[in-house]
Amino acid sequence: MQYLVGRNPVMEALEMDMGVTNLYIQKGELKGFIKKIEKKAYDMGIKIEYVDKKYIEKFAENTAHQGVMAKMPSFGYSSVDEMIIYAKKRNEDPFLIILDEITDPHNLGSIIRTAEVAGCHGVIIPKHRACEVNATAIKTSAGAVFNIKIARVTNITTTINYLKEHNIWIYGACGEASQTHTQANLKGPIGLVIGNEGKGISRLVRENCDQLIKIPMYGKTESLNASNAASILIYEVIRQRYEK
């Protein structure tokens, strides 16, 4: 089981019937949008408890909980194959986001949110040395994790090579690349690799990318935040994909 906090994520989980078993509302916070959450949970027959602020904080993982928390089954991951099949069903070239050891759940949630809004077919994360989809990531994504396929794989390099077998071209975001994101041809089936917040893409993953691209930097700061870089690159793919 896991605990989900925040008004929008909790309501999203209820509306999508994600198996919420308990709803916890902070005493004194039963007003406005939380009142709507309470009614939704009541109509679904979910157990509602009114608790002290400290009780919610105990499970909130230092995330702003906004006075509401839901208890639900652990996040259900998809498979890479499901993402590819989903793209085919939509008659679209696959567009997958591959995260190489992203450790900050805020970055993970933000990237997932951008990927979902942009219509990507899935986000791939590693099982080891990386953040999983936890309460913080769910809240930061504003519930987007429930609307996009997310796969958790044992080995990113192996997954990249598997995607190549399905004719998906792999682009890696790397500051040392010779070509910028606007110079590259980002049309067709694509897997976009975003690296770790500090060290970027690992050597082995970089060596297995088909092409490296970079976002040009004109100031003194060396790089962008991982989620900001992901947003820029994702929407460059979308721009090229849908431009006439």
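**Aromatic rings**

F75 is buried, with a relative accessible area of 13%, where buried means under 20% relative accessible area, exposed means over 50% and partly exposed lies in between, using a 1.4 Å probe and protein chains only. This is a predicted model, in which local features need pLDDT of at least 70 and side-chain atom pairs count only at pLDDT 80 or more, while totals for chains, interfaces and linings use all residues. Residues are numbered from 1 along each chain as its sequence is written, and side-chain values use heavy atoms, with hydrogens and water left out.

- Y77 counts as partly exposed, at 28% relative accessibility.
- F75 and Y77 form an edge-to-face aromatic pair, with 5.0 Å from centre to centre and 75° between the planes; rings of Phe, Tyr and Trp (its six-membered ring) pair if their centres lie within 6.5 Å, and planes under 30 degrees apart count as stacked, over 60 as edge-to-face and the rest as tilted.
- Five aromatic pairs are found in a search of the whole structure, and ring pairs link Y3, Y24, Y55 and F59 into a cluster.

**The sheet of four strands**

- The strands of this open sheet follow the order β1-β4-β2-β3, with mixed pairing; two strands pair if DSSP finds at least two bridges between them, and strands (E, at least two residues) and helices (H or I, at least four) are DSSP runs, numbered from the N terminus.
- Because β1 (2–5) and β3 (47–51) stand at the edges with a single partner strand each, one side of each is left without a neighbour in the sheet.
- β1 pairs with strand β4 (residues 68–72) in the antiparallel sense over four bridges, and Q2 has M72 as its bridge partner in β4.

**The sheet of seven strands**

- A second topic is the open sheet of seven strands, which has the order β7-β6-β5-β10-β8-β11-β9 with parallel pairing.
- β7 (150–153) and β9 (179–180) each have a single partner strand and stand at the edges, so one side of each is left without a neighbour in the sheet.
- Strand β5 (residues 95–99) and strand β10 (residues 190–194) pair in the parallel sense over five bridges, and I98 stands opposite V193 in β10.

**From the record**

- In an unreviewed UniProt entry, the annotation "domain: RNA 2-O ribose methyltransferase substrate binding" covers residues 3–78; UniProt positions are given in the numbering used here, feature names are shortened, and annotations may be inferred rather than shown by experiment.
- The span of residues 3–78 is 37% helix and 24% strand, and its end C-alpha atoms lie 20 Å apart.
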